[in-house]
Amino acid sequence: MSIIEIRDLVKTFGRTRALDHLTMDVQPGEVHGFLGPNGAGKSTTLRVLLGLLKADSGHATILGGDPWTDIESLHRRISYVPGDVALWPNLTGGEVIDLIGRMRGGLDEKRRKELVARFDLDPTKKARAYSKGNRQKVALISALASDAEVYLLDEPTSGLDPLMESTFAEYAREMVADGRTILLSSHILSEVEALSDRISIIRNGSVIETGTLAELRHLHATNVAATLRQTPTGLDRVPGVSNLVIAGTHVSFSVEAEHLDDALAALGRHGVSALTCQPPTLEQLFLSKYEGQLT
Amino acid sequence: MKGFVGTWHLLRLAWRRDRVLIPATVISLAVLIYYSVVATLALYSNVAERVIAAKAAGAMPSVIAMYGHIYDPTSLGGIGTAKVGMIGFLTMAILAIAIVRRHTRAEEESGRFELLGATVYGRRAPLAAAVTLSLLTSLLAGVLTAVASGAGGLSWTGSWAMGLAVTAVGLSWTGITAIAVQLSESNRTCGAFAFGSLALAFFVRMIGDLNEGSFLGVLTWLSPLGWAQQVRPFAGDRFWVLVIPAVFTLACLLVADRLQASRDISSGLFAQRPGVARGQLGSAEDLAQRLQRTSLIGWAVSFALLAVVLGFLIDNLTGFITDEAADMLRKMGGVGMMTDLYISVEAGFMALAAAVFGVGSVLRLHGEESSGHAEQILATKVTRTRFLASHGVIAFVGTAGLMILVGVVMGLSHAIASGGWSDFWRDSTASFVQIPPVLVIVAIACVVFAWLPRQPWVAWLVLAACFVLGEFGALLKLPDWIQQLSPFAHIPKLPAEPMSWTPVLILLALTAALVAAAVVGLRRRDLATA
């Protein structure tokens, strides 16, 4: 049974359609990456799952319950990090962590201590004195220190330095190994690529692609770069080849997965002295989806 | 003088943001003044009638305490603008505080100044722009006041005197707020300083007015509200007095400029103290109490002090009565009647003040929502109802508590001053009976928060409307059914009127119904994040 199940969710704000028949599934024990351009509907989806917004139509369940009506029972089992962390200016970071932790239903003391140390946060500073990254750390620590089953994280590391990002990644892996589920909305493609088991790409309020990274890659082209023993000819006639760049005996192109052997055979006919094959990066997958938007 | 680059742009930005607030407030005030003047003129066409009425009003300590003396009972303008003049001063002061604060501290706190910070503007520009807008608004308010009053039929010299007095109040509070804004990091604390100074100025002026002729009478000259009154529009038109607020404002602005030079953006003069590493707060209720406790304490202390003074005066009312007034009072029901009237009127004003606290307390919920705090609270196991209750309970219990405090302290103070407890019950119940209408107003604020999340100012409008209906309803000859819209119109004004339980119970039932409506509204709507 899916931990999160969303079917045909529609949400309109005035004249803007934020969610347009969105359909998505998150399985238990996975890190599910949620990617999309600004304004695609990622934060709106998370807010619907938290019962902060009511969808106009369609249905969403989380942990088997209705997010709009079962708030008290569900929220004990969910942890949330908002995209824009707003803290109470006069409370210290430590006070906020304890407050949200207790309002949620409890904090793991040992974990909390460890997190405050690992994330290098000064819990005695008042919230108004924190930088953006530190405010995020407060929200992150109170989420990670809790004992939830599902974590809804909206760009949790967007303001953190690379060291803290990798600390976060470690904790995320630990939690998933423990059987918890994470829905991670992020713009940091390398992080999503590294952590996610499955990815959903959202655009204009609906999910346009979903699957594991391998599945998504399978639909796209591999990048090939080679140094040949003679100047290549006839490569442009190989089916499935695109973005062909020839510089003397160096050659680079993209080729669709099913035509990879044709391309390699063509290269082999010229004699290959160096060869690099790279699966498409998430960035390429992502950007190729949005090429359509710009044209 | 450098540092003013960009002032013009910031001024235009400030005006763009306040282009509804300022005209709406200033024009409403002018309209109120106009109709008030016209109605008073119609009421007292005969000089003799007018003089008696003025003297009777002038003998009422409750009137003096709230509105000051009527210095020339024969002048029509005197009696025509007695109430509306003080209301104009207070409105102007509040508007000036709001304008200066909105475009300085609030901008820093929200981070919007940082956005501008990389553009070209001098260090002095933000405060200069805010102050300029406030000064221009004060001027506009003064002009409209004068025009409304003169157009209503009063003498033009007196009207200009009153208009300039209103401007003077605006100027004074522009200066005071400019300083307040330098003192603290938090927008809320600056507000406490600025509004606190207004309350203090009112209080000082009140004591001065009530003790005119004696040594304490000098106090009225220590208050910017007192200066505005001492211009004595329609009763001498002493324009020279205006020099005092002008000089005061200039001095305040120079001090504010100095203070500003020595602080960073978004910091105050008092350094940030470090806090605790672990917190005691563990629930939405704890959080609400922590957020509201300073404000509640401040209000409670102010109320207690005011109640002490009001209670003490109960036995000293006779000092104000002249022979003609005594005669008229005898016709109205005697000195006892006057005392009862005094107590009930004061209780009524304290109730309005308590309602201000109550509405502000409920609207903290709106602040939490628009700042993004509510999102994090509601993502935990706190339900919507519980979130509403966390601040709502403080609003209801706080306002009821304030009125109980006023009643008890006023009774105590009178008992101590008069040496006997016989009147304690009479004195205190006057305040207790005001609790139901105040709770209705607080409940209306809850409904506004629940059903009109983007228009929280409606709650303030309702309160202002109740105030206007109460003070001006009879004068403006508004139809009965309109006057009955205010919950304050329905309760028996103890001790002047006999007690009746029906309206009290109805108002309490109405409060419960409104709160239920608020809960329904909050549960069905989306959270409106910033």
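Modeller: A salt bridge is taken here as a side-chain nitrogen of Lys or Arg within 4 Å of a carboxyl oxygen of Asp or Glu. Asp20(A) and Arg17(A) form such a pair, with their closest N and O atoms 2.9 Å apart. Asp20(A) is partly exposed, because its relative accessibility of 27% falls between the limits of 20% and 50%, and Arg17(A), at 43%, also counts as partly exposed. This is a predicted model, and it scores ipTM 0.78 and pTM 0.83. By the rule given above, the count comes to 23 salt bridges over all chains.

Another part of chain A deserves attention around Arg180(A), which meets Asp147(A) in a salt bridge at 3.2 Å, N to O. That pair links distant parts of the chain, since Asp147(A) sits in the loop between α5 and β6 (150-154), Arg180(A) sits in the loop between α6 (162-177) and β7 (181-185), and the two are 33 residues apart. Asp147(A) is exposed, with a relative accessible area of 58%, whereas Arg180(A) counts as buried at 13%. Arg180(A) also forms a salt bridge with Asp178(A), where the closest N and O atoms are 3.1 Å apart, and Asp178(A) is exposed at 52% relative accessible area. Elsewhere, salt bridges that share partners join Asp98(A), Glu109(A), Arg112(A) and Arg278(B) into one network.

Between chain B and chain A the count is five salt bridges, together with 22 residue pairs in polar contact, both residues of each pair being at pLDDT 80 or more. On the side of chain B that touches chain A, α13 (284-313), α16 (364-371), α17 (373-378) and α23 (501-524) each supply at least two residues, and the largest share, five residues, comes from α17(B). The contact takes 39 residues from chain B and 39 residues from chain A, and the area buried between them is about 3400 Å², of which carbon and sulfur atoms give 54%.

To return to chain A, helix α5 (residues 132-144) holds Gln136(A), a residue that is buried, with a relative accessible area of 2%. A polar atom of the Gln136(A) side chain lies 3.0 Å from the backbone oxygen of Glu155(A). Leaving aside neighbours within four places in sequence, the residues in contact with Gln136(A) include Val85(A), Pro156(A), Thr157(A) and Leu160(A).

As for cysteines, the structure holds zero disulfides over all chains. Cys190(B) is in no disulfide, and the nearest cysteine sulfur, that of Cys252(B), is 15 Å away; Cys190(B) counts as buried, at 1% relative accessibility.

Confidence should be kept in mind when reading chain B, whose mean pLDDT is 86, with 91% of its residues reaching 70 or more. Within chain B, confidence is lowest in helix α14 (residues 323-332), at a mean of 60, and highest in helix α20 (residues 435-451), at 96. Where pLDDT is low, the predicted coordinates should not be read in detail.

Methods. Residues numbered from 1 in each chain as written. Chains lettered and ligands numbered in written order. Heavy atoms only, no water. Helix = DSSP H or I, 4+ residues; strand = E, 2+ residues; numbered from the N terminus. Buried < 20%, exposed > 50% of the residue type's maximum accessible area, 1.4 Å probe, protein only. Polar contact = N/O pair within 3.5 Å; in protein donor to acceptor, adjacent residues only side chain to side chain. Contact = heavy atoms within 4.5 Å. pLDDT = per-residue confidence, 0-100. Disulfide = S-S within 2.5 Å. Buried area = accessible area lost by both parts, 1.4 Å probe.
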